[in-house]
Amino acid sequence: MAQQREQWGTRTGFVLAAVGSAIGLGNIWRFPYVAAENGGGAFFIPYLFALLTAGIPILILEFGLGQKYRGSAPLTFSKLNSKWEWLGWWQVLVCFFIAVYYAVIIAWAISFTFFGLTQAWGDNPSDFFFGTYLGLTGGPFELGGLQAGILIPLLLAWVVTFAALYSGVKGGIEKANKFFMPALFIIIIIIAIRGITLTGAADGLNYLFQPDFSKIWDYKIWTAAYGQIFFSLSVCFAIMIAYSSYLPKKSDVVNNAFITGFMDVGFSLLAGLAVFGILGHMAHVQGVGVAEVGKAGVGLAFVTFPAAINTLGAFAPVLGVLFFLSLTFAGLSSLISINEAAIAAFMDKFSLSRKKAVSIYIAVAAICSLVFATGAGLYILDIVDHFINNFGIVFAGLIQVILVGWFFNLKSIQEHVNAISDFSVGSWWIVCIKFITPIILGYMAIMNLIGDLKAPYEGYPGDALFWMGWFVMIVVITGGFIMQAFKTQSRDLKE
Ligand code: PHE
């Protein structure tokens with residue numbers, strides 16, 4: 001039976017979905033601190049450089065590939081070269097491992113949206129989060145049972161994701177993002193305005209923006225900038241290829257990539273204003289330096305921020321709810337995208353209907369995510385996240401740019417995107433994909449590998465790092481080749 005591949009309803013719908021994938025937890029809790037710790041205002045130079053030499057060029061590449069070859073990542077790579085399908089499955093497997101813990105962080109954000117109403121975290125948000133809420137045990141192998149308080153919001157996160165994906169590209173994913181994205185921008189603008197008008201906000205913003213140009217020659221701020229751009233734009237994750245495989249025949253690619261990149265960066269800046277304005281206020285109230293009030297990651301969002309909200313007086317309930325709602329919305333739209341990357345791959349490979357693929361995949365992912373809702377969840381999450389970010393993504397991205405840049409006719413993709421886009425890309429694009437990005441990713445891959453071999457991550461026990469880190473990487477790599485070995489059941493889609 002010949003069916004038509006699904007399509008986005010409108011160009012805006014596609015851009016909002018791509019932006020929805022890009023804007024996520026990473027923009028709100030990761031970006032502000034990565035920037036502040038890596039030279040403040042001076043960080044924006046490598047950051048913009050990374051956006052223009054890697055982020056947007058790879059977005060153009062992935063949008064172009066998906067649009068031209070009309071397939072999920074494994075199918076698209078197998079069309080470039082029949083031996084390359086595994087690379088797509090690597091990326092899909094990375095997506096799977098991210099999805100199962102990302103969902104749990106969204107569950108925390110949902111809980112905290114309600115807690116925000118009454119500041120249920122009390123005077124000691126750290127004890128509340130790690131103890132009362134997470135029930136954190138003594139180590140990664142002490143599971144300590146499921147936390148009831150996480151289960152219900154986790155179910156909710158999966159139900160929303162399921163509903164969006166089950167209803168299809170246009171009727172589900174596009175609709176969800178058309179709601180989430182505008183709502184998210186409105187919320188973050190409200191928080192940013194309140195944030196920067198608080199007393200002490202200037203100290204926070206100074207901390208964020210004060211340029212420290214002496215750091216500009218430090219390679220670390222360059223790898224931090226590239227890392228942030230890759231994670232934030234969701235490139236090399238199979239996601240943007242899947243999303244653009246639903247573009248109509250004649251659709252702009254170059255312009256859409258620039259819009260997506262700039263909206264993501266713009267949102268990060270707004271989040272930076274919001275977060276550091278409020279942290280500056282807290283530091284002011286407590287009479288300490290901004291540098292002392294917290295650190296990046298879960299600690300920032302679920303411990304430092306609640307503490308900062310406690311200092312806001314009458315505004316506390318409003319900002320408490322809005323902040324965690326923004327995390328929830330940003331997270332959900334990314335979670336939808338990360339699951340779609342995998343679901344599209346299974347639909348393409350095994351000729352499954354959307355409804356069947358979504359039902360099976362989401363059920364499996366939801367069950368696997370339960371591990372992270374146990375008392376050891378945070379440890380496991382921390383390890384899996386570290387390995388996926390430092391190796392999974394970096395290596396999948398590196399291999400992608402090398403294969404497509406050096407072993408494929410990159411010019412043919414350039415010609416394709418130029419033929420359908422409002423404005424054309426020149427040879428700078430080829431230089432970015434063939435030279436700049438592989439050199440930087442290659443360097444990051446080596447440095448990360450040396451770092452992890454030298455010192456065990458965060459001092460976790462070796463067996464935990466093996467089973468939750470290295471072994472996960474082995475599953476990703478072998479899984480890719482195993483999936484490639486299965487026969488593809490073509491769906492005979494009409495163009
Ligand atoms: N880009 C998202 C963020 O900034 C993260 C993400 C990673 C989304 C992987 C999807 C896949 O949080």
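**Helix 5 and its two partners**

The axes of helix 5 and helix 16, residues 377-406, come within 10 Å and cross at roughly 155°. Axes here are lines fitted to C-alpha atoms, for helices over the stretch in contact, with angles running from 0 to 180 degrees between N-to-C directions. That makes helix 5 roughly antiparallel to helix 16; the terms are roughly parallel for angles under 35 degrees, roughly antiparallel over 145, roughly perpendicular from 65 to 115, and oblique for the rest.

This is a predicted model, so local features need pLDDT of at least 70 and side-chain atom pairs count only at pLDDT 80 or more, while totals for chains, interfaces and linings use all residues. Residues are numbered from 1 along each chain as its sequence is written. Helices (H or I, at least four residues) and strands (E, at least two) are DSSP runs, numbered from the N terminus.

Staying with this pair, the crossing of helix 5 and helix 16 is left-handed, meaning that the near helix is turned anticlockwise from the far one by less than a right angle; clockwise would be right-handed. On the helix 5 side the contact includes Leu87, Trp90 and Phe97, and on the helix 16 side it includes Leu381, Asp385 and Ile399. Contact means C-beta atoms, placed from the backbone, within 7 Å. By class, this contact of helix 5 with helix 16 has 14 nonpolar, four polar and one charged residues. Ala, Val, Leu, Ile, Met, Phe, Trp, Tyr, Cys and Pro count as nonpolar, Asp, Glu, Lys and Arg as charged, and the others, Gly among them, as polar.

Now the second partner. Helix 5, residues 85-118, packs with helix 7, residues 148-166, at about 110°, the axes being 8 Å apart. Helix 5 is therefore roughly perpendicular to helix 7. The crossing with helix 7 is right-handed. Among the residues that meet are Ala103, Ile106 and Ile110 from helix 5, and Pro153, Leu156 and Trp158 from helix 7. That contact has eleven nonpolar, two polar and no charged residues.

Next, the ligand. It is surrounded by 15 residues, the closest being Gly24, Gly26, Ser232, Ser334 and Ile338; the cut-off is a C-beta atom, placed from the backbone, within 6 Å. Helix 1, helix 2, helix 10 and helix 14 each give two or more residues to that shell. The shell has seven nonpolar, eight polar and no charged residues.

Finally, the whole chain. The protein chain has 19 helices and zero strands. Its C-alpha trace spans about 65 × 50 × 45 Å along the principal axes.

Definitions and conventions:
Contact = placed C-beta atoms within 7 Å.
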